[in-house]
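Please consult the sequence and the structure while reading.

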Amino acid sequence: MSEERYGEFVLVRRHGPGHVAELVLDRPKAMNAVSTEMARSIAGACAALGADNGVRAVVLTSTHERAFCVGADLKERNSFSDADLVRQRPVARGAYTGVLELPVPTIAAVHGFALGGGFELALSCDVIVADRTAVVGLPEVSVGVIPGGGGTQLLPRRVGAARAAELIFTARRVEAVEARELGLVDELVDEGQDREQALALGARIAVNSPVGLRAAKRALRVGHGMDLRAGLEVEDAAWRATAFSGDRAEGVAAFNEKRKPEWPGE
């Protein structure tokens, strides 16, 4: 396993041959509250991971024992002037869009508190694995703002408009069992097992074609919300991007030769 640090608060670990990357939130003294510096580091790490064709899956984790991420750094925000807040906004958005726009499958490993921007980072992933200590929610209206890291758009895509409205308008926190029942998280695992299970899922994903994985994610993300006819055109374009690739040729050959494929990744 290799490690690379992005600023003070973000770490990237490469597992095995490096096809699974772990994007680690590492600001334990602040329960991973996202400061301006941390947001910039998340965006930088995501840009590097997205450009690395060797990465096939990214797992988002936390080093804090009792929290995934408690959202924006409100202590820092309390010192901001209006002009400071305007200047900081694109930096903050860059962290959430960085995770959201990763071109490979992404998995959030959630335990403890995942609130506000912390939950939005998880929502920006394709799959959320949570342990039984998880508490999630979007409490922004209780402090006079709204979810600004994608929550008003990502949550209804998961749970429907009415349920998302109830959760956002009440600002309530949802514990792990109910979160799984409502679809706020996708897999519920035993306490302390979220990271291990998320990495295992990442490893299962990463054995597959890197060209296929990126194309499938692109089709899923771009086609979602379109009418069926338009969505099928998006799928067809993604299929064409894989059909004439080296990965497709290797996958078919490996199947017929009854061996594991050695993906060229192109």
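How much space lies in the largest cavity? The largest cavity holds about 30 Å³ in this predicted model.

**Cavity**
- One cavity of 30 Å³ or more is present in the structure.
- The lining of the largest cavity is formed by F119, V136, G137, L138, L155, L167, R172, V174 and L184.

**Largest pocket**
- The volume of the largest pocket is about 930 Å³.
- This pocket is lined by 35 residues, of which G71, A72, D73, L74 and R77 are the closest to its centre.
- Helices α2, α3 and α4 each contribute at least two residues to the lining of the largest pocket.
- The most is given by α3, which supplies seven residues to that lining.

**Helix α3**
- Helix α3 has 19 residues, which should span 27 Å at 1.5 Å a residue; the end C-alpha atoms are 27 Å apart, so the two values agree.
- A bend of about 35° occurs in α3 at Q88, and the proline P90 follows within four residues.
- Q88, the site of this bend, is itself buried.

**Helix α9**
- Helix α9 comprises 14 residues, 210-223, and reaches 20 Å from its first C-alpha to its last, close to the 20 Å expected at 1.5 Å a residue.
- At the start of α9, a side-chain oxygen of S209 comes to within 3.3 Å of the backbone nitrogen of V211.
- V211 also belongs to the buried residues of α9, together with P210, L213, R214, A215, K217, A219 and G223.
- The helices against which the buried residues of α9 pack include α1 (36-51), α3 (82-100), α8 (194-206), α10 (228-243) and α11 (246-257).
- Strand β6 (106-110) is also one of the packing partners of these buried residues.
- After α9 comes G225, which has a positive phi, near 95°.

Terms used
Residues numbered from 1 in each chain as written. Predicted model: local features only at pLDDT ≥ 70, side-chain atom pairs only at ≥ 80, totals over all residues. Heavy atoms only, no water. Expected span 1.5 Å × (residues − 1). Buried < 20%, exposed > 50% of the residue type's maximum accessible area, 1.4 Å probe, protein only. Contact = heavy atoms within 4.5 Å. Polar contact = N/O pair within 3.5 Å; in protein donor to acceptor, adjacent residues only side chain to side chain. Bend = angle between axes of the 7 residues up to and from the residue. 1 Å grid on protein atoms, 1.4 Å probe; cavity = no way out; pocket = protein on both sides within 12 Å on 5 of 7 lines; lining within 4 Å. Points joined across faces, edges and corners; volume = space filled by probe spheres on them.
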